[in-house]
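Subject: Structure handover

Hello,

Here is the structure we talked about, passed on for you to look through. Please open it first and then read the notes below.

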Amino acid sequence: KCLQKLTGALERFISSGGKVDKLDRDAILGNPDNATGDIATFIESLQEVIKTAESNIETGQEYTVLELHRDLKKCYTEDVFEHEILKKMKISQRLDRILG
């Protein structure tokens with residue numbers, strides 16, 4: 001049940017352009033439908049994490065918090081945002097808020 005809430009929150013994060021809640025004024029991902037470059041790669045990676053989590057929900061397979069955190073971190077650290085440290089930090093902070 002917790003994982004279902006999380007996948008929903010991650011999907012809203014993508015569709016809102018990178019906002020977690022009303023406290024976030026700027027959509028750090030811009031328009032997700034027109035994403036290009038690193039942002040498009042990040043969104044695709046995040047969608048893969050969501051699919052993995054949903055698959056684990058369906059099969060009853062365990063997906064630990066550590067595994068989830070590792071997989072989310074890979075989305076914005078591996079081969080993306082190498083020269084955009086501020087964007088990487090904002091994404092990290094917002095995903096951490098989702099994880100609670």
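How many nonpolar, polar and charged residues does the lining of the largest pocket have? By class there are ten nonpolar, two polar and two charged residues in that lining. In this count Ala, Val, Leu, Ile, Met, Phe, Trp, Tyr, Cys and Pro are nonpolar, Asp, Glu, Lys and Arg are charged, and the others, Gly among them, are polar.

Before the rest, some ground rules. This is a predicted model, in which local features need pLDDT of at least 70 and side-chain atom pairs count only at pLDDT 80 or more, while totals for chains, interfaces and linings use all residues. Residues are numbered from 1 along each chain as its sequence is written, and side-chain values use heavy atoms, with hydrogens and water left out.

**Pocket and cavity**

Rolling a probe the size of a water molecule over the atoms shows where empty space is left. The work is done on a 1 Å grid over the protein atoms alone: a cavity is a set of points where a 1.4 Å probe fits but cannot get out, a pocket is an open set with protein on both sides within 12 Å along at least five of seven lines, and lining residues have an atom within 4 Å of a point. Points are joined across faces, edges and corners, and a volume is the space filled by probe spheres set on the points.

The largest pocket holds about 300 Å³ of space. It is lined by 14 residues, of which C2, L3, L6, V65 and L68 are the closest to its centre. Helix 1, helix 2, helix 3 and helix 4 each give two or more residues to this lining, and helix 1 gives the largest share, five residues. Helices here are DSSP runs (H or I, at least four residues), numbered from the N terminus.

One cavity of 30 Å³ or more turns up in a search of the whole structure. The largest cavity contains about 40 Å³ of space, and its lining is made of H69, L72, K73, Y76, S92, L95, D96 and L99. Two or more of the lining residues come from each of helix 3 (65-77) and helix 4 (85-99).

**Helix 1**

Helix 1 has 14 residues and spans 20 Å from its first C-alpha to its last, close to the 20 Å expected at 1.5 Å a residue (1.5 Å times one less than the number of residues). Its buried residues are L3, L6, T7, G8, A9, L10, F13 and I14; buried means under 20% relative accessible area, exposed over 50%, and partly exposed in between (1.4 Å probe, protein chains only). The cover over these buried residues includes helix 2, helix 3 and helix 4, where contact means heavy atoms within 4.5 Å. After helix 1 comes G17, with a positive phi near 85°.

**Salt bridges**

There are seven salt bridges, each a side-chain nitrogen of Lys or Arg within 4 Å of a carboxyl oxygen of Asp or Glu. One of them joins R97 and D21 (2.9 Å, N to O). R97 lies in helix 4 and D21 in the loop between helix 1 (2-15) and helix 2 (37-59), so this pair ties together parts 76 residues apart in sequence.

R94 forms a salt bridge with D24 (3.5 Å, N to O), and both residues are buried. R94 also pairs with D26, with the closest N and O atoms 2.7 Å apart. D26 is in the loop between helix 1 and helix 2 and R94 is in helix 4, so the pair ties together parts 68 residues apart in sequence. Salt bridges that share partners join D21, D24, D26, K90, R94 and R97 into one network.

Regards
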